[in-house]
Amino acid sequence: IRPAGTLIVKVHKKDHFFMCAQGQIIAWSEKGMVTLNAGDVLCSKAGTKRVTLAVTVTIGITFHKTNKTNLDKIEKELIEPDELALYDSANKLKVQALEGK
């Protein structure tokens with residue numbers, strides 16, 4: 001669940017689908033800015049930097065194929081690392097963010 005105003009920036013390593021399952025999301029894509037409402041789906045190509053902004057309280061879902069079950073390992077397989085990210089794969093604030101590093 002993403003509170004309104006949540007901004008997410010990620011680069012995925014593999015093609016996948018992204019769905020706005022609830023609410024409204026503005027997504028910046030290779031086709032420009034698009035507004036996604038509940039039920040809308042878009043295809044993200046590998047290497048695309050995806051930026052999404054939750055306009056309302058939203059649920060965004062990405063669909064990936066993997067044989068892994070550990071969330072940290074899945075994230076390493078599918079998402080380009082971002083040392084500046086404040087949150088980990090479980091959407092928990094990283095320790096270095098808490099310590100102000």
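Modeller: This is a predicted model. Cys 43 is partly exposed, at a relative accessible area of 36%.

Biologist: And Cys 20, buried or exposed?

Modeller: Cys 20 is buried, with a relative accessibility of 0%.

Biologist: How many disulfides are there?

Modeller: The count is 0 disulfides.

Biologist: OK, charges next. How many salt bridges?

Modeller: The count is 3 salt bridges, taking a side-chain nitrogen of Lys or Arg within 4 Å of a carboxyl oxygen of Asp or Glu.

Biologist: What does Lys 14 pair with?

Modeller: Lys 14 pairs with Glu 77, and their closest N and O atoms are 2.9 Å apart.

Biologist: How accessible is Lys 14?

Modeller: Lys 14 is partly exposed, at 35% relative accessibility.

Biologist: Which salt bridge does Lys 68 form?

Modeller: Lys 68 also forms one with Glu 77, at 3.4 Å between the closest N and O atoms. Through shared partners, Lys 14, Lys 68 and Glu 77 are joined into one network. Lys 68 is partly exposed, with 40% relative accessibility.

Biologist: What about Asp 15 and Lys 45?

Modeller: Their side chains meet in a salt bridge, 3.8 Å from N to O. Asp 15 is in the loop between S1 and S2, and Lys 45 is in the loop between strand S5 (41-44) and strand S6 (49-54), so the pair ties together parts that are 30 residues apart in sequence.

Biologist: Switching to greasy surface. Which residues form the nonpolar patch?

Modeller: Leu 7, Val 9, Trp 28 and Met 33 form a nonpolar patch on the surface, and together they have about 390 Å² of accessible area.

Biologist: Where does Val 9 lie?

Modeller: Val 9 lies in strand S1, which covers residues 7-11.

Biologist: Another valine, then. Where is Val 57?

Modeller: Val 57 is in the loop between S6 and strand S7 (59-63). Val 57 is partly exposed, at 45% relative accessibility.

Biologist: What does Val 57 touch?

Modeller: Leaving out residues up to four places away in sequence, Val 57 touches Ile 1, Arg 2, Pro 3, Ala 4, Gln 22 and Gly 23. For Val 57 and Gln 22, the C-alpha atoms are 7.6 Å apart in space, and the two residues are 35 apart in sequence.

Biologist: Last topic, the whole chain. What's the order of elements?

Modeller: From the N terminus the elements run β-β-β-β-β-β-β-α-α. That is 7 strands and 2 helices.

Biologist: What share of contacts join residues at least 24 apart?

Modeller: The share is 62%, among contacts between residues at least 6 apart in sequence.

Biologist: And how much is buried?

Modeller: Of the 101 residues in the protein, 25% are buried. The accessible surface comes to about 6,900 Å², with 57% of this belonging to carbon and sulfur atoms.

How values were computed
Residues are numbered from 1 along each chain as its sequence is written. This is a predicted model: local features need pLDDT of at least 70, side-chain atom pairs count only at pLDDT 80 or more; totals for chains, interfaces and linings use all residues. Side-chain values use heavy atoms; hydrogens and water are left out. Patches are made of residues with over 30% relative accessible area and no salt bridge: like charges are joined within 9 Å, nonpolar side chains (Val, Leu, Ile, Met, Phe, Trp, Tyr) within 5 Å. Accessible areas come from the Shrake-Rupley method with a 1.4 Å probe; for residues, only the protein chains shown count as cover. Helices (H or I, at least four residues) and strands (E, at least two) are DSSP runs, numbered from the N terminus. A disulfide is a pair of cysteine sulfur atoms within 2.5 Å. Buried means under 20% relative accessible area, exposed over 50%, partly exposed in between (1.4 Å probe, protein chains only). Contact means heavy atoms within 4.5 Å.
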